[in-house]
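Q: Please take a close look at the side-chain contacts here, starting with the charged pairs. Then follow them to the rings and the DNA.

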Number of protein chains: 2
Amino acid sequence: MENLKTQKAYKGQPKILVATDCIVLGFDEGVLKLLVFKRRVDPLAGEWSLIGSFVNEDESITDAARRVLLKFTGLEDIFMEELRTYSDVDRDPGGRCICIAQYALISIADYDRGQVEKHGARWFTFDELPNLVLDHNDMVAEALKKVREKARHRPIGFELLPEKFTIPQLQKLYEAIYQRLLDDRNFRKKLLSFGLLIKLDEKDRSGSKKGAFYYRFDHEKYAKLEKSGFDFEI
Amino acid sequence: MENLKTQKAYKGQPKILVATDCIVLGFDEGVLKLLVFKRRVDPLAGEWSLIGSFVNEDESITDAARRVLLKFTGLEDIFMEELRTYSDVDRDPGGRCICIAQYALISIADYDRGQVEKHGARWFTFDELPNLVLDHNDMVAEALKKVREKARHRPIGFELLPEKFTIPQLQKLYEAIYQRLLDDRNFRKKLLSFGLLIKLDEKDRSGSKKGAFYYRFDHEKYAKLEKSGFDFEI
DNA sequence: CCAAAAGTGTTCCCTCTACACCCATGT
DNA sequence: ACATGGGTGTAGAGGGAACACTTTTGG
């Protein structure tokens, strides 16, 4: 840390409460789901809310979001990206507070059910999603829009699937994200053409008698390609 | 405002200094330029810095950024978008402070030279750009990356040109953004094919004897198209 | 043997790219 | 008349979209 002189430089400037809220998306039973919980602090205690927290003085926004996600899902190393800052002066009746919203994509198979229940959290599909507190509905809508846009150019879909997945699963995921049906032949062709899916010997027989081969995404190869300007366009 | 009960709800939570910095880009003499100024507060007073300010308790981040831009350029209604939040605990030796960076695109013909000079600000090309304080170099690099990506799908280029512009001017702008030469026939064809450029009767004769027709961008028509999912792809 | 999902190829069309010459005008 | 930048058309290649049938196997 620096010295007293520099500490004084910013003395008297207006400090503000800073929070972060997470739009946590998962993919389960062929549909996208959102993790929300019952807010415990007043005002609006008992209402449905995104999971979030105030940001402490000794942590970055990312640190705070990771702390929240760990607490509510038991998961670490989750894909997470900043959405935007919500800073309207009157956005929170509890007091002036800006919020940096982040969206997180998780493989719904992996989360810790115990943690979720312990904190009064629940997964909702978007059909049955209740009204959320404050500007959280806006955050969710914007996050969905951003995920849709982003999925067209970056392979973020794989974050929502387990390590091993089948092509039909992947297609259903993209259909859920884009909200429209895709041609199965063209989809498979396109995805395989990138050379980024590694076919495994194992089959998933839960979806059909014939069984579908498992694949995994080649993150290492993609990382290299991305540096040289590769666009994962779907 | 609400009542004392709710004010108390967040009592004791950690307040933090919040700032916003603006990556102000302009296009002049065929190259992109960045507006920076000599920082006046300690620590690091006298060093080159992005223009910015602390966020007051009674204003949103956008309000703060608009205030800064007005002060330094004399301009209002500027295109501006959030880049991201910089929140590393040690990013500022002056004290814990998070910063929401925003990039702004302005028509360099329009700004108020008096305002710029009065505040010790200057336009730099990226070739001659000096080192900036704190993490401002990162912010600039990320803003450029974002502008490049965004320009491929949204008509943000027009924000950097005057209301009236010629096709060759527009092409030079895109060449400056993408850092590569474009084919003039294909470029013209593509741009005109959208039906979003309105040809004026007037010519700009500053660049050649023959003169190039002025056009303006049809913002209204684009707004409608965008709602129905139109992608302005260049 | 049948139902149910997995897997496979081809044709057409449209868009992107590459490329070279005439036009208008001020000096 | 000439130099300078503005403006136009076309042919070939490649990628996206549309489309139907065979394969596998548990029950």
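A: Start with Lys33(B) and Glu29(B). They form a salt bridge, with the closest N and O atoms 3.2 Å apart. A salt bridge here is a side-chain nitrogen of Lys or Arg within 4 Å of a carboxyl oxygen of Asp or Glu. Lys33(B) is buried, at 11% relative accessibility. Glu29(B) is exposed, at 68% relative accessible area. Buried means under 20% relative accessible area, exposed over 50%, and partly exposed in between (1.4 Å probe, protein chains only).

The model is predicted: local features need pLDDT of at least 70, side-chain atom pairs count only at pLDDT 80 or more, and totals for chains, interfaces and linings use all residues. Residues are numbered from 1 along each chain as its sequence is written, chains are lettered from A and ligands numbered from 1 in the order in which they are written, and side-chain values use heavy atoms, leaving out hydrogens and water.

In chain A, Asp28(A), Glu29(A) and Lys33(A) are linked in a salt-bridge network. Back in chain B, Arg67(B) meets Glu59(B) in a salt bridge at 2.6 Å, N to O. Arg67(B) is partly exposed at 34%. Glu59(B) is buried at 8%.

The whole structure holds 28 salt bridges over all chains. One of them joins Glu149(A) to Arg154(B), with the closest N and O atoms 3.0 Å apart. That pair crosses between chains, from helix α4 (residues 136–151) of chain A to the loop between α4 and β7 of chain B. Helices (H or I, at least four residues) and strands (E, at least two) are DSSP runs, numbered from the N terminus. Glu149(A) is partly exposed, at 41% relative accessibility.

Now the rings. Rings of Phe, Tyr and Trp (its six-membered ring) pair if their centres lie within 6.5 Å; planes under 30 degrees apart are stacked, over 60 edge-to-face, and the rest tilted. The count is 32 aromatic pairs over all chains. Among them, Phe158(A) and Phe165(A) are tilted, at 5.4 Å centre to centre and 45° between the planes. Both are buried. In chain B, the rings of Phe158(B) and Phe232(B) have centres 6.0 Å apart and planes at 75°, so this pair is edge-to-face. Phe158(B) lies in the loop between α4 (136–151) and β7 (165–166) of chain B, and Phe232(B) in the segment after α7 (219–227) of chain B, so the pair ties together parts that are 74 residues apart in sequence. Both Phe158(B) and Phe232(B) are buried. One aromatic cluster includes Phe158(A), Phe165(A) and Tyr222(A).

Last, the DNA. 18 residues surround DNA strand C, and the closest include Pro168(A), Arg185(A) and Arg185(B). A residue is near a strand if one of its heavy atoms lies within 4 Å of it. Sugar and phosphate account for 48% of the atoms of DNA strand C within 4 Å of the protein. Base contacts come from chain B too. A side-chain N or O atom of Arg185(B) is 3.3 Å from a base nitrogen of DNA strand C. A polar side-chain atom of Asn186(B) lies 3.1 Å from a base nitrogen of DNA strand C. A polar contact is a pair of N or O atoms within 3.5 Å; within protein, one must be able to donate a hydrogen and the other to accept it, and residues adjacent in sequence count only if both atoms are side-chain atoms. α6(B) gives the largest share of the surface near DNA strand C, 4 residues.
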